[in-house]
Structure formats: structure tokens, C-alpha cells
Amino acid sequence: MEDKVVLITGATGGIGTANAIRFLDEGASVFLTGRSPEKLDTLAKKLNKPAKIQSCVVEAIDEAAVERSITQCLSEFGRVDSIIANAGTEGKVQALEEYSVEDFNRTLLVNVTGVWLYLKHGLKPMRDQKSGSFVAISSGAGSVGFPGLCPYSASKHAVNGLIKTACLENANYGIRVNALAPGPTDTRMMESVGAQINAEDPAAFKDMVLTSIPMQRYATVEEIANLAVFLASDESSFCNGAVYMADGGFTAA
Ligand SMILES: NC(=O)c1ccc[n+]([C@@H]2O[C@H](COP(=O)([O-])OP(=O)(O)OC[C@H]3O[C@@H](n4cnc5c(N)ncnc54)[C@H](OP(=O)(O)O)[C@@H]3O)[C@@H](O)[C@H]2O)c1
């Protein structure tokens with residue numbers, strides 16, 4: 001990834017930060033987006049490579065902010081070789097009949113509209129460059145159901161549809177569009193799901209999830225970043241329009 005430019009959304013979260021670290025290690029410059037300016041500042045200081053890092057605040061469904069982040073990335077680094085559309089929310093965890101329309105739609109907006117906005121604005125400069133790799137962070141829950149996570153699972157199924165369509169519309173511009181689908185991964189998000197399902201004993205949720213993962217553990221964020229680097233790089237030059245799992249066998253059953 002030497003001299004490549006990678007824009008990472010949701011960079012302040014578990015998987016986003018691991019991606020930022022890994023792409024920097026690979027020699028890329030990174031443009032980081034997050035919704036909290038304080039968290040972005042702290043992250044940039046921690047990463048400590050000022051010449052290779054730029055950032056801006058983006059709320060996932062703010063189209064003007066998404067567009068601004070692409071413009072700023074181009075003006076700072078001159079190009080955008082890859083976009084890791086990683087920002088996402090688990091939303092509320094409850095039975096599907098208990099959701100309000102507002103809560104249901106909120107998860108869909110952040111996880112689906114948020115990714116689509118980066119496809120809408122991020123693929124344009126890639127078309128001009130005649131190259132680029134877009135990686136949407138989907139989920140194992142984009143291929144199977146997950147009790148309690150109805151809008152989340154629906155949103156990740158939708159992400160898989162988005163990337164397939166984007167592949168078909170952009171392959172002849174030299175652009176690849178794929179989804180990376182992690183299984184349960186050791187971040188704040190799985191802790192939140194566990195706490196929402198059983199506030200008194202969140203660990204009980206993890207024990208239950210582990211019974212459905214053949215490898216009997218959560219992924220590390222580094223294992224997810226490994227696949228992101230592969231999909232972003234020319235190593236995956238014939239991978240297009242597909243969903244790549246890193247789920248320890250979670251969706252094999
Ligand atoms: N952890 C898992 O088990 C797992 C499994 C499969 C897929 N995934 C997917 O992986 C991605 C990263 O998740 P994670 O596990 O790293 O969780 P995380 O630590 O909670 O990170 C989520 C990131 O998305 C950002 N975000 C959330 N809502 C946003 C909004 N409305 N506007 C802008 N940014 C927003 C968060 O910002 P803040 O830092 O400000 O909160 C954070 O940076 C998500 O798309 C998630 O669905 C995770």
C-alpha cells in the first residue's frame with residue numbers, strides 16, 4: 001500500500017482504528033473520518049504520523065459532510081485509492097415487533113445510506129483515476145439472521161446488495177467494490193449487544209454466541225484489518241462484487 005491513499009470511515013471505533021494502524025504500517029496515507037472531533041484528535045496523536053494522516057468530522061448520513069471529506073482527501077493527498085466504509089451502528093437490540101419506526105430507520109440510515117453516500121461521492125474520483133477499491137464493512141449478519149438485531153441484519157444484507165450493484169456499474173472504470181463481512185469481533189459493539197440483551201450478565205451473551213462460531217472465539221480487530229488490506233490492495237485485483245467473510249465459520253452452518 002506504499003504511497004496509496006485510503007479513506008477510512010468510523011476510524012475512531014475498534015475495527016476502524018485497527019485499519020488505520022495497519023494501512024499506515026503498510027505505507028499508505030490515511031484520511032480518517034469520525035463523528036467526534038475529540039476522538040479523531042486523540043487517534044491522530046496516538047497514530048503519530050502527521051505527514052500521513054488527515055481527518056475530518058463526518059456524521060454518517062450528512063451528505064454535505066461526506067462530500068466535503070472526499071474533497072478534502074483529494075486536496076490533501078491528491079487522490080483516493082481505497083475507501084473503507086466502516087462506520088456503523090448496532091442500534092437498539094430487541095425483538096422486531098418492539099422497534100419504533102424511528103429506531104428501525106435510524107440503523108438503516110447509518111448503515112445503508114451512510115455506505116451509499118460514500119459510493120455516490122467516493123467513486124467519482126476513482127472513475128477519474130480509472131482505479132480504486134471500495135470496501136464496505138458488512139457483517140456475518142448480512143448473510144444470516146441474528147435474533148434481536150432485525151434492522152442491523154437487514155442493513156447489512158442491504159450493504160451486500162449495494163456493493164454488488166456498485167460493482168456492476170463501475171467495473172469498466174477500473175474500480176472494484178467488495179464487502180468485508182466480519183463475524184463477531186472483539187470491540188465495543190459486541191459488548192453493547194451483550195449488555196443490551198442481558199445487562200446483568202453480558203458475558204452470558206458472549207458464551208451463547210461462541211457456541212455458534214466453529215472457531216469458538218471472537219475475531220481480533222487485526223484479523224479484520226488483514227482482510228481489509230488484502231481487498232484494498234492490488235493483491236485482490238480480480239476480486240469484485242463479492243462478500244468476503246472473516247467469521248471463523250460463523251455463517252457456514
Ligand atoms: N464488532 C463486531 O462484532 C462486528 C461484526 C460485524 C461487522 N461489524 C461492523 O464493523 C464496523 C465497525 O464496528 P466496530 O465493531 O469497530 O464497532 P465500534 O467500535 O462501535 O465502531 C463503530 C464506528 O462507527 C462510528 N459511527 C457510529 N455511528 C455513526 C454515525 N451516525 N455517524 C458516523 N460514525 C458513526 C463510531 O463512531 P464513534 O467512535 O464516535 O462511536 C465508530 O467509529 C461496523 O460497520 C459494524 O457493523 C462489527
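Where is the place of Asn48? I looked this up to start the notebook, and found Asn48 in the loop between helix H2 (37–47) and E3. Helices here are DSSP runs of H or I with at least four residues, strands are E runs of at least two, and both are numbered from the N terminus.

**Ground rules.** I am working with a predicted model, where local features need pLDDT of at least 70, side-chain atom pairs count only at pLDDT 80 or more, and totals for chains, interfaces and linings use all residues. Residues are numbered from 1 along each chain as its sequence is written.

Entry: I checked phi of Asn48 and got a value near 55 degrees, positive in a residue other than glycine. Most residues other than glycine have a negative phi. Asn48 counts as exposed because it has 9 C-beta neighbours inside 10 Å. My cut-offs, with C-beta atoms placed from the backbone: buried is 20 or more other C-beta atoms within 10 Å of a residue's own, exposed is 12 or fewer, and partly exposed is in between. I then turned to Gln216, also not a glycine, with a positive phi of about 55 degrees. Gln216 lies in the loop between helix H7 (202–210) and helix H8 (221–232), and is exposed, with 10 other C-beta atoms within 10 Å.

**Entry: the sheet.** I traced an open sheet of seven strands, in the order E3-E2-E1-E4-E5-E6-E7, with parallel pairing. Strands pair if DSSP finds at least two bridges between them. At the edges I found strand E3 (53–57) and strand E7 (243–246), each pairing on one side only. On average, neighbouring strands are turned by 20 degrees against each other, direction ignored. For angles, axes are lines fitted to C-alpha atoms (for helices over the stretch in contact), and values run from 0 to 180 degrees between N-to-C directions.

I followed strand E1 (residues 5–8), which pairs with strand E4 (residues 82–85) in the parallel sense over three bridges. Val6 stands opposite Ser82 in E4. Helix H3 (residues 63–77) packs on the sheet, touching E1, strand E2 (29–34) and E3, and its direction makes about 160 degrees with that of E3. H4 also packs on the sheet, touching E1, E4, strand E5 (132–137) and strand E6 (175–182), at about 170 degrees to the direction of E5.

Entry: E4 and E5 pair over four bridges, and Ala85 stands opposite Ala136 in E5. Tyr244 is the bridge partner of Leu180.

**Entry: the core.** Which residues have the most contacts inside the largest nonpolar core? I listed Val6, Val30, Leu32, Ile84, Phe134, Ala136 and Ala228, in a core of 60 residues. Such a core is a set of buried Ala, Val, Leu, Ile, Met, Phe, Trp, Tyr and Cys residues joined through C-beta atoms within 7 Å. Helix H4 (residues 101–129) gives the most to it, with eight residues. Beyond four places in sequence, the contacts of Val6 (C-beta atoms, placed from the backbone, within 7 Å) include Phe23, Val30, Ile84 and Ala232.

**Entry: the ligand.** I counted 26 residues around the ligand, the closest being Gly10, Gly13, Ala60, Gly88 and Thr187. Near means a C-beta atom, placed from the backbone, within 6 Å. Helix H1 (14–25) and helix H6 (188–197) each supply at least two residues of this shell.

Note on methods: Contact = placed C-beta atoms within 7 Å.
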